[in-house]
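Dear colleague,

Please find below the structure that I am handing over to you. My notes on it follow directly after.

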Amino acid sequence: MGSVALREIRKSYGAVEVLHGIDLDVSDGEFVVLVGPSGCGKSTLLRSLAGLETISSGEIAIDGSSIVHLHPKSRDIAMVFQNYALYPHMNIAQNMGFALKMAKVGKAEIDAKVRKAAEILSLTPMLDRFPKQLSGGQRQRVAMGRAIVRDPKVFLFDEPLSNLDAALRVQMRAEIKELHQRLGTTIVYVTHDQIEAMTMADKIVVMKDGHVEQVGAPLELYDRPANRFVAGFIGSPAMNFLPCKVQNGQAVMENGAVLAPAPAELTEGQVFTAGVRPEHFILSDHGTPARVTVVEPTGAEIQFVVDLAGHSALVSTRDRVNLKHGDTQHLTVEAGRLHAFDAATGARLG
Ligand code: ADP
Ligand code: MG
């Protein structure tokens with residue numbers, strides 16, 4: 001078992017509070033990803049859970065028992081860092097078994113656990129090699145192996161893929177997800193990369209400035225972001241935000257251009273910020289006229305920047321449209337895909 005409960009976690013460095021009362025529940029076996037911009041407190045929260053930082057106040061429990069006063073070694077948690085420095089003079093088997101050796105586990109037991117972890121990670125043929133004889137991805141797997149041999153209740157990962165190139169990141173992303181499915185162990189994973197969060201998580205925790213902005217399944221966050229920050233952070237390319245007013249039940253821009261029906265929660269005359277994802281614009285022969293300023297074919301899709309009533313917006317389509325700078329393209333919005341946010345607070349209105 002490995003359920004985690006964080007209650008009202010606060011952490012200050014000197015006079016500066018960097019975590020402002022975080023609550024979070026992680027179920028046994030769940031893969032939870034903490035995501036947010038650099039400096040929002042992800043590592044601090046993870047390190048607090050591991051016991052590498054002392055929290056200023058709050059409660060942390062694993063399987064219902066408080067671990068706040070436990071030493072990191074006694075918390076039954078294993079952490080994999082971005083900088084997973086392996087011992088260069090030890091072979092892979094020794095690297096993976098080192099923590100167990102330090103904990104005075106018997107040689108036969110260490111061997112068995114290292115073999116089992118190597119099996120899971122497809123590292124068996126490499127156990128006698130040294131770190132410099134391994135690729136970046138293999139070294140990352142050894143770092144995970146060091147955590148697996150300890151058979152912890154909870155795995156913590158802090159940006160483990162940041163040092164890998166783009167192709168390897170995609171491969172390791174799938175490997176870690178598969179590893180989780182095989183081991184069924186609770187994972188709390190930190191990244192600043194929303195794609196990593198979306199593709200790997202059962203549950204995403206979006207953080208900003210030491211606060212939790214929203215918790216939810218990846219597609220819940222994509223479909224119903226709680227506020228403008230989450231709306232802009234989740235999804236790539238990012239959501240467009242356009243100032244609008246409700247007129248005759250429609251979301252209307254400053255120049256009178258009608259974007260789409262306004263969400264039912266809004267009232268006539270209400271001013272709000274409309275959110276439209278690039279992929280939810282429909283190219284049509286009616287609707288809002290938009291002047292094309294930049295065309296960017298990516299291959300799978302064509303992205304183009306338009307001027308919509310004086311505001312720049314990005315549109316993405318899978319159609320092979322033949323657009324060029326200066327063209328006018330009429331746009332509508334897919335039904336039910338217009339988000340509305342409070343123009344001042346950014347809170348979701350509908
Ligand atoms: P993230 O991992 O989301 O990038 P961190 O948890 O590392 O963010 O940092 C959160 C905030 O705490 C940042 O403003 C950072 O400057 C500050 N911080 C982190 N570690 C320390 C420290 N040891 N002393 C003082 N401030 C720190
Ligand atoms: Mg960090």
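**The ligand site**

A polar side-chain atom of Thr44 lies 2.5 Å from an oxygen atom of ligand 1. Please bear in mind that the model is a predicted one. The side chain of Ser43 also has an N or O atom placed 2.8 Å from an oxygen atom of the ligand. In the case of Tyr13, the ligand atom concerned is a nitrogen, and 3.4 Å separates this nitrogen from an N or O atom of the tyrosine side chain. Considered by itself, ligand 1 exposes 560 Å², of which the protein buries 55%.

The residues that surround ligand 1 are Tyr13, Val18, Pro37, Ser38, Gly39, Cys40, Gly41, Lys42, Ser43 and Thr44. Which helix gives the most to the shell around ligand 1? Helix α1, spanning residues 42–50, does so, with 3 residues.

On the α2 side, the contact is made by Ile92, Asn95 and Met96; on the α4 side, Val142, Gly145 and Arg146 take part. Sorted by type, the residues of this contact are 3 nonpolar, 2 polar and 1 charged.

**Backbone details in two loops**

Two points concerning the backbone remain to be reported. The peptide bond that leads from Ser236 to Pro237 is cis, and its omega is near -5 degrees. Pro237 is situated in the loop between α8 (228–233) and β11 (240–247).

The other point concerns Asp63, which is not a glycine and yet has a positive phi, of about 50 degrees. Where in the chain does Asp63 lie? Its place is the loop that runs between β4 (57–62) and β5 (65–66).

With kind regards

Technical notes
Residues numbered from 1 in each chain as written. Chains lettered and ligands numbered in written order. Predicted model: local features only at pLDDT ≥ 70, side-chain atom pairs only at ≥ 80, totals over all residues. Heavy atoms only, no water. Contact = heavy atoms within 4.5 Å. Helix = DSSP H or I, 4+ residues; strand = E, 2+ residues; numbered from the N terminus. Nonpolar A, V, L, I, M, F, W, Y, C, P; charged D, E, K, R; others polar. Near = heavy atom within 4 Å. Polar contact = N/O pair within 3.5 Å; in protein donor to acceptor, adjacent residues only side chain to side chain. Areas by Shrake-Rupley, 256 points an atom, 1.4 Å probe, with all protein chains shown as cover.
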